Amino acid sequence: MALVLNEEEQMLRDAAKGFLAEKAPVAALRKLRDADDPLGWSRSLWEEMAQMGWTGILVPEEYGGIDYGMVGAGLIAQEMGRNLTASPFISTAMMAVTALREGNEEQKQKWLPGIASGKTIIALAVDEGVKHDPAQTTLSAKAHGNGYRLNGEKSYIIDGFDADALIVAARTSGEAGDEAGISLFIVEKEAAGLSSTRTKLLDSRNYAHADFKDVDVAGDALIGTLDDGFALLERVLNVGRTGLAAEMLGASEQSFDMTMDYIKERKQFGTHVGAFQGLQHRAAHLYSEIELVKSAVLKALQMFAEAPQMAGAGAALAKAKAGEVGVLAANEAVQMHGGIGMTDEYDIGFYMKRIRAAQELLGDYAFNANRLAVLRGF
Amino acid sequence: MNDLDTFRADTRAWLEENCPAEMRKPMRSEDDACWGGRNFKFSCDEQKLWLERMGAKGWTAPEWPKEYGGGGLNREEAKILKSEMAAIKARSPLMSFGIWMLGPALLKYGSEEQKKHYLPPIVRGEIRWCQGYSEPGAGSDLASLQTRCEDKGDHYEITGQKIWTSYADKSDWIFCLVRTDREAPKHNGISFILFDMQSEGVSTKPITLISGRSPFCETFFDQVKVPKENLVGTLNKGWDIAKYLLTHERAMIGDSGGGGAFGGRSIGQIAVDSLGTDAQGRLADSALRADLARAEIDGWAFLLTMERMKDEAKAGQGIGARSSMLKYYGTELNKRRFELMMASKGHAALEWEGDASQDGALPRAWLRTKANSIEGGTSEVQLNIISKRILGLPAS
């Protein structure tokens, strides 16, 4: 497939660009933060996105979605990154849907239409430690009656606070570090023994910490195969990693554009600071790096349909490169803005904080670089 | 089967039939590369046969029009040809400045007669071209070149000196930038002209580089007579052609940076061969491993960027000044890759003579890469171009 957007994809991107710039710009995130909004994102905005088909972009048509595929989902995530739009798009519309598409018929019937219509929010509960490492899962699920009993904790659950359900990676056999013996369960918010609290991170987005104390679920809460859920989990995570990469690309592009505008306007020593070669060469280098991210992200998105066996490699490449360049873009943006870049009143700091979080979530540079090195035989 | 599937099947069968076994072995050194031309000494009969067969099909220049000897393939077909050649590890049949640089310029600016006359022998590898651009006083500031070209009525007469002319001593013809108007502002008095290196008054002198090799020459022109029909495009408008051609040269030099497409052998595996692994099968030197992974990530993302830009060019968005980005990033990346290969081979990478090192093939290649970010416009010049022409930053 050519590494260019087709006409339909360009239209989707332009629609997303227009809608988000109007309805969910950085000012909207600032407002949610300043109001200490309990959810951290806007339900009414999410419902509007549902009406445009975005929440069901990966949901099959028979369950109320538009089944558009990953390239479209990535374009929306990228535009959300440009505007720092707070929404459960990556957690619910991308990751949860990917998991549930592999569920049984009843699970699909039960959950997918609600996601497509914007009513249901589902988050992925995977991490337990300070670094992303899904094989280290220890939260246990043991056979109990006709179902399973879950005990343990999950942290930094993206959009997990007040979600209608969590898809939980649990250990059903083996021990921490084993890829075998991990299974996925869907656990509803009201389940007895489940408690969750919101974790406030620097990017003002929704994260939860969840405690599981003898949480009993029925046998049909299992998604996929018992003990053999790691491959499905990886597929879900690869979708999330690529979504975050696309979001970071959008955030990098926007902070770069703002910075170029600024150095063309700002005058010191009687001239525009953008005329200084010291800044020009750094800007040109950053431009080049962002071009590489664009290619890596588009290819990773295309691979889900084109070469699914390579999607993990594509996701690792995109997440690593977008994270590395995102951090560079944010650092350069603040530095080139000078003092004003350090103020809360100016938007650049929001980009720096969101990129910092996004590059850490679901695997940072070192995590993804290591995966690629293993794939490449070293 | 759709058309592309049919094309793939046919291509695979043709390559299987026509690519000699010897031409599917990895090149041992740059001496195995085929450059063609009047005086080229083929390393073996198979090399000659492979060039003749590919040249006859026009597949040395797959996307050039058939009427000028090219393959007439569209972009998708050209990609298939490339991947099928890679699948059987077929060597490139021809390395050629004619194909990479002069051809695209002639296709855009040449007259119909010039295209018909010059392009087919390039495709067949019969004429080897060199590029007369830089002068002792015109390096990064190329437009200040001084080689004089005077109108003598029925012919032009060229006098001056070029430097860093790649393989001038082995080439048959030269495409050359000359000053045709000394009064005009420097960009407006330059013309683009072609002539035979056997013409009277042309002489070359190889320059020995830090690698011990001499890929470049000083080239001298002393009252060289050149027919008037050899001028390409409009008199005094040669700078436009020069810039256009430089975008192709930059894309070509940048291309080296991807080195070993993803799927080919990684520089990490080269390091594993040299240094061994730990119990988990990972490169034993963990600090070096991290650097190698970083270079692999950038290498793959860069290759995808080359691919994307070509796809975008086909879709109507020209590469334009973005070739400066490819040139800058690709050459800097290539230097990094060679530093890492030197580190991976340790003391052995320092060997300069002897069979074990093939007379220092790696360190000489490593030294050669240092020119990548100088030739065709330095990295700093590329960054200036990106700043001004893409980012629109103000002039200082």
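## Briefing on a predicted complex of chains A and B

In chain B, the centres of domain 1 and domain 3, taken over C-alpha atoms, are separated by 25 Å. The model described here is predicted, and the predictor assigns the complex an ipTM of 0.95 together with a pTM of 0.89.

**Build of chain B**

- Chain B is divided into three parts, namely domain 1 (3-95), domain 2 (129-237) and domain 3 (256-390).
- Its secondary structure consists of 11 helices and eight strands, and because the radius of gyration of 22 Å is close to the 21 Å that the globule rule gives for 396 residues, chain B is as compact as a globular protein of that length.
- Of the 396 residues in chain B, 41% are buried.
- When contacts in chain B between residues at least 6 apart in sequence are considered, 71% of them join residues at least 24 apart.

**Confidence along chain B**

- The mean pLDDT of chain B is 92, with 96% of its residues reaching 70 or more.
- Within chain B, confidence is highest in strand E5 (residues 190-196), at a mean of 98, and lowest in helix H6 (residues 238-255), at a mean of 81.
- Over residues 258-263 of chain B the pLDDT stays under 50, and for this stretch the model has 13 contacts beyond four places in sequence.

**Contact between the chains**

- The contact draws 32 residues from chain A and 37 residues from chain B.
- On the side of chain A that touches chain B, the elements giving two or more residues are helix H7 (230-265), helix H8 (277-306), helix H9 (311-337) and helix H11 (365-375) of chain A, and H8(A) provides the largest share, with 14 residues.
- Sorted by class, that side of chain A holds 18 nonpolar, nine polar and five charged residues.

**Strand E1 of chain A**

- In strand E1 (residues 122-125) of chain A, A:Ile122 and A:Leu124 point one way while A:Ala123 and A:Ala125 point the other way, and all are buried.
- E1(A) pairs in the parallel sense with strand E4 (residues 165-171) of chain A over four bridges, and in this pairing A:Leu124 of E1(A) stands opposite A:Ile167 in E4(A).

How values were computed. Residues are numbered from 1 along each chain as its sequence is written. Chains are lettered from A and ligands numbered from 1 in the order in which they are written. This is a predicted model: local features need pLDDT of at least 70, side-chain atom pairs count only at pLDDT 80 or more; totals for chains, interfaces and linings use all residues. Two residues are in contact if their C-beta atoms, placed from the backbone, lie within 7 Å. Ala, Val, Leu, Ile, Met, Phe, Trp, Tyr, Cys and Pro count as nonpolar, Asp, Glu, Lys and Arg as charged, and the others, Gly among them, as polar. A residue is buried if 20 or more other C-beta atoms lie within 10 Å of its own, exposed if 12 or fewer, and partly exposed in between; C-beta atoms are placed from the backbone. Two strands pair if DSSP finds at least two bridges between them. The radius of gyration is taken over C-alpha atoms; the globule rule is 2.2 Å times the number of residues to the power 0.38. Domain bounds come from an automatic or database domain assignment. pLDDT is the predictor's confidence in each residue, from 0 to 100.
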